[in-house]
Amino acid sequence: MSKKAEEFIGRVVEKNPGEVEFHQAVREVVHSVMPYVEAHPRYQKAKILDRVVEPERVIQFRVPWFDDRGEVQVNRGYRIEMSSAIGPYKGGLRFHPSVNLGILKFLAFEQVFKNSLTTLPMGGGKGGSDFDPKGKSDNEVMRFCQSFMTELARHIGPDTDVPAGDIGVGGREVGYLFGQYKRLRNEFTGVLTGKGLGWGGSLIRPEATGYGCVYFVEEMLKTRSEGLAGKVCTVSGSGNVAQYTVEKLLELGAKSVTLSDSDGFIHDPDGIDAQKLQFVMELKNVKRGRIKEYADEYKCKFIPGERPWGIACDLAFPSATQNEVEEADAKKLVKGGCLAIGEGANMPSSPEAIRVFQLAKILYAPGKAANAGGVATSGLEMSQNSQRLSWSRKEVDERLHQIMISIHEACVRYGKDGKHIDYVKGANLAGFLKVADAMIDQGLV
Ligand code: NDP
């Protein structure tokens, strides 16, 4: 990395102490874009890099709520409004005990470039709470969501900031959040995405992140004259992204052999077929159970406390959380003959793991490109809400597919280095330039 890039990152670290995930995300982007910025004085003069690492606004608030025993509980809520250079702030809400300012700033920062890549007019944001929905009753989740939205409502709006789901925030939570917003504002608008189908949601939105990730990997494989049919895949997580990754892989002839949660992973060498996937969806989305129950049901192995990266595979889809693929995992994947990585999760690979993939010259799709299908389809949900129309499943899926092809093309355009495609550089540079140019056009804001 250049001296200038190192110095810049040093200043970011000093200014944002302890926010290690944010430092990691900034380092990766700066590493990719600094050579371009150094060669183009207009970006330096406008101090674009200094400006994009500073959120436009950070909101932190208290979320008090009653549990089922009538006791008061207090959580912390956040919304990071990172950049509105190319559209209203847009990005999910995460409810997980690990949530803190640094994690949300990393997610909001990544979101800015991801949203730019989608070709749709969306700025970047992220929010959430350290609330843990696990083990809570529906009523507790509802009371929490109502309290959370009571504060958040004053900061968001269909033309200002449009949140969506993320870890711990699915259809149930979006419903409660939307209900409370409507009640406070007396407005039925597209202020959240990931809504229920009967009240403004888009077909394919639940599927979009997983499907989009598979479409992206398919494009990468084509560059090596390969396809998905017959490929053995490892998938981590068992939530929204993992489930629909498995579904699309199955449809396109590949075989998923693992799923995980924070307790460990299951290994089913026969493959997760449609019936087994239905079991997982019921287990995770309705019964809210643990993935171990899959192993009990289908008599396969459950490996507690481990991640699935030691299982030999052709393709790997990390779809749980950040930094879930470390250097040793990456080495195992490469050794096991893995051809491509599609990151369904945000920043699931550590910088050391990414280096292993890049040195091995395997096809590596960073999350901001590979998982952009989710937010892209949220953008399509916003368009449908504005027009008061609903597009068909086929229409939305085709648009999603086309967007993933466009993102792949942008990565190739900006990341091609001889025969090799550096998807990290491609995604970062393509995402960055659109935002940077918009910032220059709009003056010093
Ligand atoms: P869900 O809450 O539906 O599922 C998350 C899954 O990951 C669960 O299986 C969960 O297990 C597991 N997980 C979460 N945290 C950890 C952890 N610290 N260690 C091990 N496993 C963990 O979330 P999503 O599927 O929506 O999100 C998964 C990833 O995809 C996240 O990185 C998210 O930011 C990213 N993403 C999601 C998008 C979307 O549209 N939903 C869009 C783009 C990216 P457990 O139940 O045990 O916690």
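This briefing walks through the cores, helix pairs and a few loop residues of the structure above. The model is predicted, so local features need pLDDT of at least 70 and side-chain atom pairs count only at pLDDT 80 or more, while totals for chains, interfaces and linings use all residues. Residues are numbered from 1 along each chain as its sequence is written, and side-chain values use heavy atoms, with hydrogens and water left out.

**Nonpolar cores**

- The largest nonpolar core has 57 residues, and Phe216, Leu259, Phe317 and Ile407 touch the most other members.
- Helix α8 (residues 205–222) gives the most to this core, with 9 residues.
- A second, separate core of 40 residues includes Tyr78, Val99, Met347 and Val435.
- A nonpolar core here is a set of buried Ala, Val, Leu, Ile, Met, Phe, Trp, Tyr and Cys residues joined through side-chain atoms within 4.5 Å. Buried means under 20% relative accessible area, exposed over 50% and partly exposed in between, using a 1.4 Å probe and protein chains only.
- In soluble globular proteins, nonpolar side chains tend to be buried together.
- Leaving aside neighbours within four places in sequence, Phe317 is in contact with residues including Cys213, Val214, Val217, Trp309 and Gly342. Contact means heavy atoms within 4.5 Å.

**Helix pairs**

- Helices (H or I, at least four residues) and strands (E, at least two) are DSSP runs, numbered from the N terminus. Axes are lines fitted to C-alpha atoms, for helices over the stretch in contact, and angles run from 0 to 180 degrees between N-to-C directions.
- Angles under 35 degrees count as roughly parallel, over 145 as roughly antiparallel, 65 to 115 as roughly perpendicular and the rest as oblique.
- The axes of α8 and α9 come within 7 Å and cross at roughly 55 degrees, so the two helices are oblique to each other.
- Where α8 meets α9, the residues in α8 include Pro206, Tyr211 and Val214, and those in α9 include Val241, Tyr244 and Leu249. This contact divides into 7 nonpolar, 4 polar and 3 charged residues.
- For these classes, Ala, Val, Leu, Ile, Met, Phe, Trp, Tyr, Cys and Pro count as nonpolar, Asp, Glu, Lys and Arg as charged, and the others, Gly among them, as polar.
- Helix α9 (residues 240–251) also packs with helix α10 (residues 274–286), at an angle of about 170 degrees and with axes 11 Å apart. The pair is therefore roughly antiparallel.
- By class, the contact of α9 with α10 has 7 nonpolar, 2 polar and 2 charged residues.
- Helix α15 (residues 372–387) and helix α16 (residues 393–415) have axes that come within 10 Å and cross at roughly 130 degrees, which means that α15 is oblique to α16.

**Loop residues to look up**

- Ala229 is found in the loop between α8 and β6 (232–235), and this alanine is exposed, with a relative accessible area of 59%.
- Beyond neighbours within four places in sequence, Ala229 is in contact with Leu252 and Gly253.
- Arg288 is in the loop between α10 and α11 (292–298) and counts as partly exposed at 44% relative accessibility. Although not a glycine, Arg288 has a positive phi of about 55 degrees.
- Lys299 lies in the loop between α11 and β10 (301–304) and is exposed, with a relative accessible area of 71%. Phi of Lys299 is also positive, near 50 degrees.
- Most residues other than glycine have a negative phi.
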